[in-house]
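Me: I am new to this structure and would like to learn how to read its features one at a time. Could you take me through a few of them, giving the general idea before the case at hand?

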Amino acid sequence: MTRAGPALPAFSPPGAVDEAALHRKMMWRILPFLFVCYVISYLDRVNVGFAALTMNKDIGLTATAFGVGAGLFFFGYFIAEIPSNLIMMRVGARIWIARIMITWGLVSAATAFVTGPVQFGIARFLLGLGEAGFVPGVFLYLSLWFPSAVRARATALFLLGIPVANIVGSPISGALIQLEGFGLKGWQWLLILEAVPAVALGIACLFVLTDRPEKAAWLSPAERDALVAKLAAEKAAIEQKHKMTLAQALRNWRVLMLACINFCAIVGSLGIGLWLPQIIKQLGLATSLVGVVTAIPYVCGAVAMVVWGRMSDRGSDRTIYPAISLLVGATALVASAVTPTPVLTIAALCVAVMGINSFVATFWAVPSSFLTGRAAAGGIAMIVSIGNLGGFAGPYMIGLVRDLSGGFTAPLVAVGACLLVGSVLMLAFGRKVRQADGPVAVAA
C-alpha cells in the first residue's frame, strides 16, 4: 500500500452494481484465506497452553513462571505493533502479512527447543515481535475493502478464527502432545507441527492477497468503480467530522479509551484461552479428553460471535453490543468459579467464552467509525498494542493468584472483575460519544 494511490475512478451509475452481490463476492474472495491465517495465528499463540500440560515439568516452570513467560509474547507485540502497521501502509498487505506469518512460524517452531524459564520467556517475546501487526494489519485491510454497513460482519467472520482455532486445535493439540519419537517429547512435536502451516500460508499471501480494491483484477470495472466510490464517500464523511493526523490519533481520547477497554477484554480472552486446558484438567478429566472438552466453549462462542456481529450491523449504536458482551462474560466467569459440579462449571465457561468472543466480533467496528488513513493505521495499532498488554496481565494474574490460592476460583473471579470494568468503560464511551456527536457517530 502506498500513501498516494491511483486516481479514483468515477462513480458508477446508480443501480449498475448489486451491492449485496458485490459484498458476498468480496467476502468469499478475501475472508476465507484471512480466516485460515488467523486460525493458525491464534493456534500458534495459545497452543503453549496445551504444551504446558507436560512442558512445564520438563523445563521447570511454576504456574507463575509459565504465566510470566506466556505473557511476554504481548510485550513484543506491544513494541512492534504501531511500526508494523505504518510499514504495511507503505509496502502493502500482500508483502507485509507474508513476512509476519513466515517469521512467527519459524519462531514458534524454535520454541520447541527451549530448556528453561529464561529461554521460554525469550522465545515468547520474540514470537510477539514476529507476529506483531497481523491483527491490526488485517483490521486496517478490511477497512480498505468493506463499507461500514458490512464491516462488523466481515470482522466477525475473520475473528471466527479464534473459536475455530480452539475447536479444531484443541483436539489436535491434545493428540499431538502424546506423540513421542526421534528424541522429541510430545509438547515439542506439538509446537513444531503446528508452526509449519504459518510458513506455508505466509508464502501463499504473496499470490492470494490484493492490496487495494483499485488493483483487484477479480472485480469487474463496474464493481471496482462502485466499491472505490463508496469507500471514498465514507472516508470523506468521516474526515469531515473527525479529520486527524497520526500524532493526533495516538493521543485522541477515543483511541486511548478504546485501548483501555480492549485491555480489560484481553485480560479475559487470553487469560482464559491460555489457562483453559489446565482449568478443565483440574475438573478431573483425563489428558486425552481435555482437548475435546476445551473445544466445547469455543463452539458456542463461534455461533454467538456471528449472530452478535449481524445484530450489530443492524443496530443504530455500535457501542452497546460490546458492552453487553463483556457484562455477560464477567457474570459467567464468576459463576464458573462458584458452581458446585464440573458440568455446571463447563456450562458457565461456555457462556463466558460466548460473551468474550461476541465482544471481539463487535468492538472493532467502532474505531473505523472515526479513523481513516494513517490515523487509522496508527490508531488501530495503538488500540491493539495497549490492549494486548492484557495478554500479559491476564495469564500472569491467573498464574500468580493460583499459586497463592491453590485453585482457579479466585483467578476466575479476578478476571471476571476486569471484564466488568471493561463493560462499564464501554458504556461510558458510548455515552460520551453520543453527547459529543449524536447517535450517527456510532452508527453503521
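This is a predicted model: local features need pLDDT of at least 70, side-chain atom pairs count only at pLDDT 80 or more; totals for chains, interfaces and linings use all residues.

Me: Which residues in α16 and α17 meet?

Reply: Contact is read from heavy atoms within 4.5 Å of each other. On the α16 side the residues include Tyr 321, Leu 326, Gly 329 and Leu 333, while those of α17 include Leu 349, Gly 355, Ile 356 and Phe 359. Sorted by class, the contact of α16 with α17 has 14 nonpolar residues, seven polar ones and no charged ones.

Me: How many aromatic pairs does a search of the whole structure find?

Reply: The search finds 14 aromatic pairs. In general, planes over 60 degrees apart count as edge-to-face, and Phe 139 with Phe 158 is such an edge-to-face pair, with 85 degrees between the planes and 6.2 Å centre to centre. Because Phe 139 lies in helix α7 (residues 134-143) and Phe 158 in helix α8 (residues 148-159), this pair ties together parts that are 19 residues apart in sequence.

Me: Are Phe 139 and Trp 364 stacked or edge-to-face?

Reply: Planes under 30 degrees apart count as stacked, and Phe 139 and Trp 364 form a stacked pair, with 25 degrees between the planes and 4.4 Å centre to centre. Since Phe 139 lies in α7 and Trp 364 in the loop between α17 and α18, the pair ties together parts that are 225 residues apart in sequence. Both Phe 139 and Trp 364 belong to one aromatic cluster, which also includes Tyr 38, Trp 104, Phe 158 and Phe 359.

Me: Is Phe 139 buried or exposed?

Reply: Buried means under 20% relative accessible area, and Phe 139, at 7%, is buried. Phe 158 is buried too, with a relative accessible area of 0%, and Trp 364 is likewise buried.

Me: Where is Asn 252 found, and what does Asn 252 touch?

Reply: Asn 252 is found in the loop between α13 (246-250) and α14 (253-282), and at 16% relative accessibility it counts as buried. Leaving aside residues up to four places away in sequence, Asn 252 touches Met 244 and Phe 370.

How values were computed. Residues are numbered from 1 along each chain as its sequence is written. Side-chain values use heavy atoms; hydrogens and water are left out. Helices (H or I, at least four residues) and strands (E, at least two) are DSSP runs, numbered from the N terminus. Ala, Val, Leu, Ile, Met, Phe, Trp, Tyr, Cys and Pro count as nonpolar, Asp, Glu, Lys and Arg as charged, and the others, Gly among them, as polar. Rings of Phe, Tyr and Trp (its six-membered ring) pair if their centres lie within 6.5 Å; planes under 30 degrees apart count as stacked, over 60 as edge-to-face and the rest as tilted. Buried means under 20% relative accessible area, exposed over 50%, partly exposed in between (1.4 Å probe, protein chains only).
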